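Work through these exercises with the structure open beside you. Try each task before you read its solution.

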Amino acid sequence: MKYAFLSIGLVLFSRAIKAKSYFASGLVVSLGLSLCLTSVGAPAPTVPPTMKAVVVHAYGGSEQLRLEDAPVPRPKETEVLVRVSACGVNPADPLIVSGKYAQEFGTHLPLIPGYDVAGTVVQVGGKATRLKVGDEVYAFSLWGGGWAQYCAFDESNGALKPKSLNFTQAAAVPLGALTAWQGLVDTAHLSAGQTVLIQGGSGGVGSFAVQIAKARGAKVIATASTRNQDLLKQLGTDLAIDYTTEKFEDKAKEVDFVFDTAGRETLARSYGTLKKGGTLVSIQSRPDPEECRKHGIQGIFLASHPDAGELAEIAKLIDAGKIKPVVTETLPLSDAVKASEQAETHHTRGKIVLEIPATPAG
């Protein structure tokens, strides 16, 4: 098509010159070039062969995180390559680095952590059809790779980012929001008028769980430490419980659902808060079958997964003002060790996000 426009332009330009119509010739050239450029589109971004990335060559602690040059991945058939602008940090990242889940998740060395990706598509695989070059996206990258300037992931892992969020805010959303959505909506089928107890309502997952539950018309009881009581109220919690000074089981009784992000003792004390027929969903530990039978409830362990359709639904809620990410701290890619160590405490308010400019220091 572009060559047809160019040929027509040249023919008309030649005739205009012969007729000594210089105004017409200029107009024709302008029109021809405009049509030609429109048909060609903007040039694809240039992708370098290497990038800055945080790479792990041996399992262990945060000392294994190395900021270094690494090859830029090439997108496979159904994948997209994204120029990463920001990536969220999760408690799962140091666990992956430790090698604890290497066999279960099929990770292999060297690896690049990072699952919450936000950036711009710069290349697409031959069979990728939903996303295109230039799209601003956010994703739960199943195999990580987000702590880098470029990340390749299957297009089913991502969706167009919410228009109302910048890249840093968008990077705080995918894993946490999807985990909360899949626990409350897909698994518990939470609906208006029901009551849910959210254990750890101020964390990266819990803060989304509170908002998603409220968006569905549920009554929300949530726990957090003293310093995070204000956040619970800002998120819309109906009853905020300070677990450092109060026993949640004294205040939360006969609830329909429990969404547990804490595990251990908190999980053990949660069974008795549910009414018979209620559901307990935990993202930390597998509920005890005997305790579930004793209380007449259903216990489910949830492992979240990428879902482009659900990310699109979450984006709608964000743009409608019903959900907002909580970003506690932003750090450069060169501070990945600091970010990882903070995530490992499991006491982060909302999310930490690594910002990744085109030429990060280090």
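Helices and strands here are DSSP runs, numbered from the N terminus; a strand has at least two residues. The model is predicted.

**Exercise 1. Is Gly263 buried or exposed, and which residues does it touch?**

Step 1. Locate it. Gly263 sits in the loop between strand E11 (255-260) and helix H10 (264-270).

Step 2. Check the area. Its relative accessible area is 2%, so Gly263 is buried.

Step 3. Find its partners. Not counting residues up to four places away in sequence, Gly263 touches Gln284 and Ser285.

Step 4. Gly263 and Ser285 are 22 residues apart in sequence, and their C-alpha atoms are 5.4 Å apart.

**Exercise 2. Describe how helix H6 meets helix H7.**

Step 1. Take the axes. H6 (residues 174-187) and H7 (residues 206-215) come within 8 Å, and their axes cross at roughly 45 degrees. That angle makes H6 oblique to H7.

Step 2. The crossing of H6 past H7 is right-handed.

Step 3. Name the residues. H6 brings Gly176, Ala177, Ala180, Trp181, Leu184 and Val185. H7 brings Phe208, Ala209, Ile212 and Ala213.

Step 4. Sort them. The contact has 9 nonpolar residues, 1 polar and no charged.

Step 5. Recall the helix repeat. An α-helix has 3.6 residues a turn, so residues three or four places apart point the same way.

**Exercise 3. Now describe how H6 meets helix H12.**

Step 1. H12 covers residues 308-319. The axes of H6 and H12 come within 10 Å and cross at roughly 100 degrees. The two helices are therefore roughly perpendicular to each other.

Step 2. From H6, the contact uses Pro174, Ala177, Leu178, Trp181, Gln182 and Asp186. From H12, it uses Glu310, Leu311, Glu313, Ile314 and Leu317.

Step 3. These residues divide into 7 nonpolar, 1 polar and 3 charged.

**Exercise 4. How many residues of H7 are buried, and what do they pack against?**

Step 1. Count. 8 of the 10 residues of H7 are buried, so H7 is largely enclosed by the rest of the structure.

Step 2. Name them. They are Gly206, Ser207, Phe208, Ala209, Val210, Gln211, Ile212 and Ala213.

Step 3. Find the neighbours. The buried residues of H7 pack against H6, strand E8 (195-199), strand E9 (219-224), helix H8 (229-235) and E11.

Step 4. Look past the end. Gly217 follows H7, and its phi is positive, near 85 degrees.

Technical notes
Residues numbered from 1 in each chain as written. Predicted model: local features only at pLDDT ≥ 70, side-chain atom pairs only at ≥ 80, totals over all residues. Heavy atoms only, no water. Axes fitted to C-alpha atoms, helices over the stretch in contact; angles between N-to-C directions. Helix = DSSP H or I, 4+ residues; strand = E, 2+ residues; numbered from the N terminus. Parallel < 35°, antiparallel > 145°, perpendicular 65-115°, else oblique. Left-handed = near helix turned anticlockwise from the far one by under 90°. Contact = heavy atoms within 4.5 Å. Nonpolar A, V, L, I, M, F, W, Y, C, P; charged D, E, K, R; others polar. Buried < 20%, exposed > 50% of the residue type's maximum accessible area, 1.4 Å probe, protein only.
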